[in-house]
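Below is a short note on selected contacts and surface features. Please read the points alongside the coordinates.

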Amino acid sequence: MSGRFQDFLQPLKETHFALKDYVDFDKVIANVDSISIKLNQLNYLIGQHDMAEAVSKLWNENPKAFSVLDILIAVRSKDNKKAIDENGNVVSLTSYFESPQQVTEFLDNTGLTEVLQSKQIKNLVDYVFGIEVGLDSNARKNRGGHIMEKLVADAFKSNDIEFDQEVYSSDFPEIMKVLGTDKKRFDFVIKTSCKTYLIEVNFYSGGGSKPNEVARSYTEIGPRINSVSGFEFVWITDGIGWKSAKNKLEEAFAYIPSIYNLTTLHDFIRQIKE
């Protein structure tokens with residue numbers, strides 16, 4: 001194991017999340033606000049002994065109130081989730097919101113009727129706020145890549161380094177010649193007087209196949225880019241997930257000279273500024 005690779009492995013971070021990154025409360029609040037009127041109308045169902053009759057009365061007042069029922073079981077309408085009905089047919093969840101009878105069937109079969117009648121939920125707006133927090137926590141994985149990109153961007157900005165983000169390989173005809181017809185999007189591009197750096201950024205807090213696949217891919221495209229005069233491929237990655245995929249990562253080190261983590265990023269920045 002080379003000294004450079006060992007120096008890379010040692011400071012890998014367990015996480016790149018700050019407290020503010022765990023839940024996007026602005027998004028949660030916006031999602032709840034957008035349906036709060038309908039949720040307040042559905043509050044009428046809480047504590048009702050005859051749920052079918054209560055649903056019918058509310059339906060006569062505003063049938064659109066029931067269009068948000070799926071969020072009560074932590075499902076968004078846009079996800080187009082399906083279920084098997086009592087006849088064994090596969091139907092969309094939203095098909096249950098087309099009549100009072102279907103709404104009652106939905107409430108009964110999901111268990112919501114019992115929950116509402118027993119008043120285990122006091123207020124559906126507050127209840128859905130909690131659901132939205134939970135659903136947002138499931139989006140952390142998708143946010144992770146953006147967080148890493150922001151950390152790198154902030155480091156560039158604090159050092160007065162100009163850069164472009166999300167740049168496609170098609171912007172560089174000479175790179176397209178070595179990469180082929182498939183378009184590749186680079187997270188960052190930095191242009192200096194003598195070289196253009198094409199930069200990929202990622203973070204892996206856990207193992208699995210993804211880090212190995214990425215290392216294998218970059219081992220292939222990195223040397224191709226570096227073969228073009230005036231261009232250099234740079235890979236900025238971090239996370240203890242690499243410790244379970246270090247064989248592929250070490251192999252990448254043999255083919256890609258410029259691999260950095262959040263701790264060694266300053267070396268790349270110093271190189272650019274010099």
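**Notes on the model**

1. E166 is partly exposed at 42% relative accessibility, where partly exposed lies between buried (under 20% relative accessible area) and exposed (over 50%), with a 1.4 Å probe and protein chains only. E166 forms a salt bridge with R185, the closest N and O atoms being 3.9 Å apart; the term requires a side-chain nitrogen of Lys or Arg within 4 Å of a carboxyl oxygen of Asp or Glu. R185 is in strand 4 (residues 185–191) and E166 in strand 3 (residues 164–168), 19 residues apart. Strands (E, at least two residues) and helices (H or I, at least four) are DSSP runs, numbered from the N terminus.

2. This is a predicted model: local features need pLDDT of at least 70 and side-chain atom pairs pLDDT 80 or more, while totals for chains, interfaces and linings use all residues. Residues are numbered from 1 along each chain as its sequence is written, and side-chain values use heavy atoms, leaving out hydrogens and water.

3. The structure holds 11 salt bridges. One of them joins K27 and D136, with 2.9 Å between the closest N and O atoms. K27 lies in helix 2 and D136 in helix 6 (residues 124–138), so the pair ties together parts 109 residues apart in sequence. K27 is partly exposed at 33%, whereas D136 is buried at 1% relative accessibility.

4. E132 and R76 also meet in a salt bridge (2.9 Å, N to O). E132 is in helix 6, and R76 is in the loop between helix 3 (51–61) and strand 1 (82–84). E132 counts as buried at 2% relative accessibility; R76 is partly exposed at 22%.
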